[in-house]
Amino acid sequence: MKTYRQGATGALTDEYEKAIIELQTLLSGVSLSEFNEIKNPSLNENSKSIRNVITHVVRSGYSYANYIRNRFGEEVFANEFKIETIEDAKNNLEYMFLYTQVTLKDKGYLSHNDMMHLLIKTAWTTYDLEAMIEHAIVHILRHRLQIQKMLR
């Protein structure tokens, strides 16, 4: 039986983990040639291949966690990684999620109201904490769908 995390941030962390697992499961069925194949040569660098998409997803995930850490005055780490294989991709998704999990772990005390009033300024907009985490989750879901389409 699955154990669920407590509180609003716990529920969002559970959903984040679910999205990561779904993406890792999708990658398990991808060959290395499919992973590296340039599927969309005219698109931006982040969308040319499955490998590029995953690199973008991992980089963005660290960025979202760092925005949250900055808002709380916590130490931010420069998370360097390289993705060359499918195992690298799955492992780096896991490491990024663990970093995010640590970022959110001590914020379980926050009420829904607290989360709604805790604003986080990013390079592209301002989110409340709940919306920032939801954006991170949907970002993974959106790119999982993109990869599914690339595999057709």
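Visitor: Why does Tyr99 count as buried?

Guide: In this predicted model, Tyr99 has a relative accessibility of 10%. Buried means under 20%, so Tyr99 counts as buried.

Visitor: What makes Arg69 a charge that sits over the ring of Tyr99?

Guide: The charged end of Arg69 is 4.0 Å from the centre of the Tyr99 ring. The cut-off for that distance is 6 Å, and Arg69 is listed as sitting over the ring.

Visitor: How many aromatic pairs does a search of the whole structure find?

Guide: The search finds seven aromatic pairs. One of them joins Tyr62 and Phe81, with 6.0 Å from centre to centre and 35° between the planes.

Visitor: Why is the pair of Tyr62 and Phe81 called tilted?

Guide: Planes under 30 degrees apart count as stacked and those over 60 as edge-to-face, with the rest tilted. The angle here is 35°, so the pair is tilted. Tyr62 belongs to helix α3, while Phe81 is in the loop between α3 and α4, so the pair ties together parts 19 residues apart in sequence.

Visitor: What makes the pair of Phe77 and Tyr99 edge-to-face?

Guide: The planes of Phe77 and Tyr99 meet at 75°, with the ring centres 6.2 Å apart. Edge-to-face requires over 60 degrees, so the pair falls in that class. Phe77 is in the loop between α3 and α4 and Tyr99 in helix α4, so parts 22 residues apart in sequence are tied together. Phe77 is partly exposed, at 37% relative accessible area.

Visitor: Which residues form one aromatic cluster?

Guide: The cluster consists of Tyr62, Phe77, Phe81 and Tyr99.

Visitor: Which residues of the largest pocket can be named?

Guide: Tyr62 and Phe81 are among the residues that line the largest pocket, as are Arg51, Arg59, Glu80 and Lys82. The pocket holds about 160 Å³ of space. By class, its lining has three nonpolar, four polar and four charged residues.

Visitor: How many cavities of 30 Å³ or more does the search find?

Guide: The search of the whole structure finds one. The largest cavity has a volume of about 40 Å³. The elements giving two or more residues to its lining are α3 (50–71), α4 (86–105) and α6. Helix α3 gives the largest share, four residues.

Visitor: What classes of residue are in the lining of the largest cavity?

Guide: The lining has eight nonpolar, two polar and no charged residues. Its members include Tyr16, Gly61, Ile68, Thr100, Leu104 and Met132.

Visitor: Where is Leu129, and is this residue buried or exposed?

Guide: Leu129 is in helix α6 (residues 129–150). Its relative accessible area is 0%, and buried means under 20%, so Leu129 is buried. Beyond its neighbours within four places in sequence, Leu129 is in contact with Ile68, Phe72, Leu110, Met115, Leu118 and Ile120.

Visitor: Which residue lies over the face of Phe72?

Guide: Lys107 does, at 4.5 Å from the ring centre.

Methods
Residues numbered from 1 in each chain as written. Predicted model: local features only at pLDDT ≥ 70, side-chain atom pairs only at ≥ 80, totals over all residues. Heavy atoms only, no water. Buried < 20%, exposed > 50% of the residue type's maximum accessible area, 1.4 Å probe, protein only. Contact = heavy atoms within 4.5 Å. 1 Å grid on protein atoms, 1.4 Å probe; cavity = no way out; pocket = protein on both sides within 12 Å on 5 of 7 lines; lining within 4 Å. Points joined across faces, edges and corners; volume = space filled by probe spheres on them. Nonpolar A, V, L, I, M, F, W, Y, C, P; charged D, E, K, R; others polar. Phe/Tyr/Trp six-rings, centres within 6.5 Å; stacked < 30°, edge-to-face > 60°. Lys NZ or Arg CZ within 6 Å of the ring centre and 35° of its normal.
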